[in-house]
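Have the structure open as you read.

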Amino acid sequence: MNTICELAGVGRTTFYRHLDCKNSKEELLVFKINYEWGRYVDLHQENVEKDKGFALTCFIYENRRLFTLLHNNGLIVVIMRACKLLVSGGETWDKNLSYLMSYFIYGYFGVIYQWIKYGFDETPEQVQKHISDTLSAGLSQST
C-alpha cells in the first residue's frame, strides 16, 4: 500500500481515512487517475485533440508502474473503472449508443489489461496498431 499511495500521490492517512466507506479505496484511486489524466491532457492538448485514444494509451504507458502495482495488488476493478471514466469523459449516452460505447470501453480495457499482464512489453504505438488491426478486421467481416 505504501508504494501505491506514493505513486498515486495520495497520503496513507488520506487513503485509510476513506477505507471505512464501501468501495472508497477504489473511488480514491480512480479519482487520482482521473486527476492525473487531466494534468496529462493539459500538457499534451494537441495530441489529445488529434487522437484521444492513443493519448490515453500513452498516459497509461507513462504511468505503467502505478497500473502494474494496481494489477499486482488485485485492484483490476480500479483500472477498469478508470478506463471507463477516461474513455467516456463522464458522458452519458442514449441506450443504443451506450451499448456501442460499452463494447468499445471494455474492449479497450481488455487490451490494456493484457498489456499490463505482459509487462508493458510493447510501445503505445504497437498497442495502438493491435487495436486498429482488430477494429479493421471486425469492420471488414461485417460488410
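## About the model

This is a predicted model, in which local features need pLDDT of at least 70, side-chain atom pairs count only at pLDDT 80 or more, and totals for chains, interfaces and linings use all residues. Residues are numbered from 1 along each chain as its sequence is written, and side-chain values use heavy atoms, with hydrogens and water left out.

## The core

The largest nonpolar core has 34 residues, and Ile33, Trp37, Phe59, Ile60 and Leu70 have the most contacts inside it. Such a core is a set of buried (under 20% relative accessible area, 1.4 Å probe, protein chains only) Ala, Val, Leu, Ile, Met, Phe, Trp, Tyr and Cys residues joined through side-chain atoms within 4.5 Å.

## α5 against α8

The axes of α5 and α8 lie 12 Å apart at an angle of about 30°; axes are lines fitted to C-alpha atoms over the stretch in contact, with angles from 0 to 180 degrees between N-to-C directions. Helices are DSSP runs (H or I, at least four residues), numbered from the N terminus. The pair is therefore roughly parallel (under 35 degrees). Contact (heavy atoms within 4.5 Å) is made by Gly53, Leu56, Thr57, Ile60 and Tyr61 of α5 with Tyr108, Ile112 and Trp115 of α8.

## α6 against α8

Here the axes of α6 and α8 come within 10 Å and cross at roughly 90°. These helices are therefore roughly perpendicular (65 to 115 degrees). Phe67, Thr68 and His71 of α6 meet Tyr113, Ile116 and Lys117 of α8.

Terms used:
Buried means under 20% relative accessible area, exposed over 50%, partly exposed in between (1.4 Å probe, protein chains only). Helices (H or I, at least four residues) and strands (E, at least two) are DSSP runs, numbered from the N terminus. Angles under 35 degrees count as roughly parallel, over 145 as roughly antiparallel, 65 to 115 as roughly perpendicular and the rest as oblique.
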